[in-house]
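This briefing is meant to be read with the sequence and the 3D view side by side. Please look at the picture first, and then follow the points below topic by topic.

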2 protein chains.
Amino acid sequence: MIAKTPSPPYYAVIFTSLKFPESEGYHEMAERMAELAATQPGYLGYESARDEIGITVSYWENLDSIRNWKQNLEHLEAQRKGKENWYVQYKARICKVERDYGFELALATEKSRISK
Amino acid sequence: MIAKTPSPPYYAVIFTSLKFPESEGYHEMAERMAELAATQPGYLGYESARDEIGITVSYWENLDSIRNWKQNLEHLEAQRKGKENWYVQYKARICKVERDYGFELALATEKSRISK
């Protein structure tokens with residue numbers, strides 16, 4: 001899903017990765033990390049998609065919350081495994097979100113159906 | 001592929017979208033926009049992945065290059081079509097990339113194979 005983030009400014013970590021096609025244990029680890037990230041102080045949201053490459057964006061209140069998450073012990077272990085077993089290449093970019101805008105299709109029809 | 005961007009600071013537009021499963025013409029338009037973006041002043045790179053949601057990140061030298069791209073006539077037409085035909089929801093976030101780091105598997109074995 002698209003993350004419901006507050007008004008800017010806030011922070012984003014864009015994690016883009018290329019992994020081996022065979023990567024046993026990767027999916028479980030990725031799910032666990034998404035769950036664990038959501039319990040961290042300053043966490044605002046998470047978006048992820050993968051086809052040829054994977055892009056995961058996590059959103060955070062500030063740089064401290066990003067640093068804390070990077071140093072989380074279980075996350076450090078996942079980072080180690082990632083480099084040893086799964087990733088061919090990755091890049092992490094730490095960004096300040098300065099502005100955002102969006103679009104959402106009017107759900108009037110859907111709502112009126114429900115209310116009947 | 002993972003974009004080869006210069007040293008920070010630079011800018012990123014994170015475009016996260018949810019579209020209708022049936023979306024005729026979408027793929028061609030997305031490809032054309034990726035090509036066209038690459039010809040714009042200040043363009044630095046592009047990353048895209050889609051499964052349940054789509055995440056496209058484009059990288060730019062500065063905010064002016066992002067503004068110019070947003071106002072490109074062919075891009076404006078694509079934005080209009082996107083809202084009319086393809087997208088259920090989207091969010092665009094304009095970010096300043098402050099720091100990055102990466103990992104790349106050593107390709108020594110591969111290289112030695114090629115040189116033989």
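How many salt bridges are counted between chain A and chain B? The count between these two chains is four, and the structure as a whole, taken over all chains, holds 14 salt bridges. Please keep in mind while reading that this is a predicted model, and that the values below were computed from it.

**The contact between the chains**

- The contact draws on 43 residues from chain A and 43 residues from chain B, and the area buried between the two chains is about 4,300 Å², with carbon and sulfur atoms giving 61% of this area.
- On the side of chain A, the residues that lose the most area to chain B are A:I2, A:Y101 and A:F103, which together make up 18% of what that side buries.
- Five elements of chain A give two or more residues to the side that touches chain B, namely β1 (10–19), β2 (43–50), β3 (54–60), α2 (63–71) and β4 (87–104).
- Of these elements, β4(A) gives the most to that side of chain A, with 18 residues.
- When the residues on the side of chain A that touches chain B are divided by kind, 25 are nonpolar, six are polar and twelve are charged.

- One salt bridge is formed by B:E47 and A:R93, whose closest N and O atoms are 3.1 Å apart.
- Another salt bridge brings together the side chains of B:D100 and A:K91, with 3.6 Å from N to O.
- Why does the pair of B:D100 and A:K91 join two chains? The pair does so because B:D100 lies in strand β4 of chain B, whereas A:K91 lies in strand β4 of chain A.

**A sheet built from both chains**

- Eight strands form an open sheet in the order β2(A)-β3(A)-β1(A)-β4(A)-β4(B)-β1(B)-β3(B)-β2(B), and the pairing is antiparallel.
- The edge strands are β2 of chain A and β2 (43–50) of chain B, each of which pairs on one side only.
- Neighbouring strands of this sheet are turned against each other by 25 degrees on average, if their direction is ignored.
- As a general point, strands of a sheet pair through backbone hydrogen bonds, either parallel or antiparallel.
- Where the chains meet in the sheet, β4(A) pairs with strand β4 (residues 87–104) of chain B in the antiparallel sense, over 15 bridges.
- Within this pairing, A:K96 has B:K96 as its bridge partner in β4(B), while A:R93 stands opposite B:D100 in β4(B).

**Strand pairs within each chain**

- In chain A, β2(A) and β3(A) run antiparallel and are joined by seven bridges, with A:E47 standing opposite A:V57 in β3(A).
- These two strands, β2(A) and β3(A), form a hairpin that has three residues between them.
- In chain B, β2(B) is joined by seven bridges to strand β3 (residues 54–60), again running antiparallel, and B:A49 stands opposite B:I55 in β3(B).
- Ten bridges join β1(B) to β4(B), which also run antiparallel, and here B:Y11 is found opposite B:K96 in β4(B).

- Most residues other than glycine have a negative phi, and most peptide bonds are trans.
- In chain A, however, a cis peptide bond joins A:P8 and A:P9, with omega about 5 degrees, and A:P9 is found in the segment before β1 of chain A.
- In chain B, the peptide bond from B:P8 to B:P9 is cis, with omega near 5 degrees, and B:P9 is found in the segment before β1 of chain B.

Technical notes:
Residues are numbered from 1 along each chain as its sequence is written. Chains are lettered from A and ligands numbered from 1 in the order in which they are written. This is a predicted model: local features need pLDDT of at least 70, side-chain atom pairs count only at pLDDT 80 or more; totals for chains, interfaces and linings use all residues. Side-chain values use heavy atoms; hydrogens and water are left out. Contact means heavy atoms within 4.5 Å. Buried area is the accessible area (1.4 Å probe) that two parts lose on being put together, summed over both. Helices (H or I, at least four residues) and strands (E, at least two) are DSSP runs, numbered from the N terminus. Ala, Val, Leu, Ile, Met, Phe, Trp, Tyr, Cys and Pro count as nonpolar, Asp, Glu, Lys and Arg as charged, and the others, Gly among them, as polar. Two strands pair if DSSP finds at least two bridges between them. Axes are lines fitted to C-alpha atoms, for helices over the stretch in contact, and angles run from 0 to 180 degrees between N-to-C directions.
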